[in-house]
Amino acid sequence: MRISRAAFRYFKSLFLIFTLVFSTNTFAQEIGHAIKVKMKGATEGKTCHLAHFFGYNQYIKVDSAKVQNGELVFQGKEPLKGGIYLIVLSPSKYYDFAVDGKEQFMEIEGDTTDFVGSVKFKGSKENEILFGYRKFLQEKSKEAEAASTMAKLKNDPASQEMSRKKIEGIQKEVEAYMKQIVKEKNGSFASKVIKANMDPELPTELPKKANGRPDSTYLFNYYKGHYFDNLDFGDDRLLRSPFIHTRIERYFKDLVYQVTDSVNHDADKVLKLAKKNKEVYRFALWWVTNKYENSEIVGLDGVFIHLAENYYLKDADWLDSTQRAKFQERVDILKPLQTGLVFPSLIVSDSLGREYNPMQSKTKYTIVHFYDPDCGHCKESAPKLMEFYNKNKERATIYNVSIAYDKKKISDFVYAYKTQPLLNLWDAKGRYYFRKNFDVYSTPTNYILDKDKKIIARRIPVDKLEDFINFYERQQIQKMSGNGGK
């Protein structure tokens, strides 16, 4: 069968269209994201990175590209997860923008000298919203800075008052703008980012106490109670941003009373909010655990136990059986050693075979000092331990317990560092595995006991023992005063 030239041209055109459509669809399938960046000030030929925020890490690298003809192109087969991303030109020079998870193809054009003021976006409504807000904020910051500078130059009461009112007015403009954007663009990722920057609005009137005076604690409690109102814990895109991390960190630093019961109560509150999203919950649990497992604040060892028993061992389904067993082992070790509990039984012997137990101590304080004769830190600490003993022997007994079983090494250590006045002891009958029974995973390890042999502190450096005991005694006096001397 013969085909006319016209028909041939028709079929050829149809073939080309089909090929183009097929090629375009194949390209779309192969590339999940493509971010084209034209940045004035970027160094030609330099390798730059695409990254995003995540918790403690300022940024995690996602992709790399070289600057060619002033442009960078970041593209990949997988779509980008939503979050705040960064164009990293160098460790000290990076520029952030938003990815909502839907807008995977965009163009960014800006200038390194004023990224916020110059940047333009194509293919990203989210960034148009976000940078509209940031440009407005930048302008208002300049106005506030100018008002503050003018007040400093004139330096008179009238100018100071005028500056204060001007800055107050600017702040109200910014707050009104943020509320407007959050309302008008509700549901957008940009609105969630802007809202996450908003503090709760405080009431203007204070309730009165029974005596008729305003309740001075009301504002603090209100602020703390509403502190997370503007943060969407259910949106894991905010996890790939600074907001969840900085909010949680500030909450525990500035608003939580640092005693075990209070920390546990507030940790429960935060983790309940975080359970709206598994990824956010996992991060929040890790963050609180990391903060308090090795806290420098004395007496917070019960926080880790609370988190382990109520979260890791109950509903952390990302843990395997081995990891869960490690948490259980850690709880088993730490639970009897918590601050406030009576120190566990410890029967150890001197070089003559006589047995001693810290429960026999008659002084106001008892120091149980675990050391290793081969440990360099123990050798450095020994003279400081003796200095503490000589100044405090009337109020403190020191049980100097070797975790090693070599009698000659123990004897050599005692004579080398002149610790004879202390109770130099060891586990002659092999009753203990010190790491498991007393959490001695490094040496030296100290426990400070009160007159009732309750643990009041542990792992205090030797050169800080006296400072801690003095601090503890001041605290006890304050508690007594607060209770009317009872």
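Arg-431 comes out as partly exposed, at 36% relative accessible area (buried is under 20%, exposed over 50% and partly exposed in between, with a 1.4 Å probe and protein chains only). The model is a predicted one, so local features need pLDDT of at least 70 and side-chain atom pairs count only at pLDDT 80 or more, while totals for chains, interfaces and linings use all residues. Residues are numbered from 1 along each chain as its sequence is written, and side-chain values use heavy atoms, with hydrogens and water left out.

Arg-431 has a salt-bridge partner in Glu-355, at 3.1 Å from N to O (a salt bridge is a side-chain nitrogen of Lys or Arg within 4 Å of a carboxyl oxygen of Asp or Glu). The two sit 76 residues apart, with Arg-431 in the loop between β13 (423-426) and α14 (434-438) and Glu-355 in strand β10 (residues 355-356). Helices here are DSSP runs of H or I with at least four residues, strands are runs of E with at least two, and both are numbered from the N terminus. Glu-355 is likewise partly exposed, at 35% relative accessibility.

In total, the structure holds 30 salt bridges. Another of them joins the side chains of Glu-173 and Lys-140, at 2.8 Å from N to O. That pair ties helix α4 (Glu-173) to helix α3 (Lys-140) across 33 residues of chain. Glu-466 pairs with Lys-391, and the closest N and O atoms are 3.1 Å apart. Here helix α15 supplies Glu-466 and helix α12 (residues 376-392) supplies Lys-391, 75 residues away. Glu-466 is partly exposed at 22%, but Lys-391 is exposed at 55%. Salt bridges also link Lys-192, Asp-232, Asp-235 and Arg-237 into a network.

As for disulfides (pairs of cysteine sulfur atoms within 2.5 Å), the structure holds zero. Cys-375 is buried at 10% relative accessible area, and Cys-378 is buried too, at 2%.

Helix α5 (residues 189-196) is largely enclosed by the rest of the structure, because six of its eight residues are buried. Those six are Phe-189, Ala-190, Ser-191, Val-193, Ile-194 and Ala-196. They pack against β5 (83-90), β6 (93-99), α3 (125-154), α4 (157-184) and α7 (243-255), with contact taken as heavy atoms within 4.5 Å.

On to the pockets. On a 1 Å grid over the protein atoms alone, a pocket is an open set of points with protein on both sides within 12 Å along at least five of seven lines, and lining residues have an atom within 4 Å of a point. The largest pocket holds about 760 Å³ of space. It is lined by 26 residues, and Ile-456, Tyr-472, Gln-475, Gln-476 and Lys-479 are the closest to its centre. Two elements give two or more residues to this lining, β15 (455-458) and α15 (465-482), and α15 gives the most, with seven. By class, the lining of the largest pocket has eleven nonpolar, seven polar and eight charged residues.

The second largest pocket holds about 440 Å³. Its lining counts 22 residues, with Glu-293, Asn-294, Ser-295, Arg-458 and Arg-459 closest to the centre. Elements giving two or more residues are α9 (278-293), α10 (301-315), α11 (321-334) and β15.

Conventions
1 Å grid on protein atoms, 1.4 Å probe; cavity = no way out; pocket = protein on both sides within 12 Å on 5 of 7 lines; lining within 4 Å. Points joined across faces, edges and corners; volume = space filled by probe spheres on them. Nonpolar A, V, L, I, M, F, W, Y, C, P; charged D, E, K, R; others polar.
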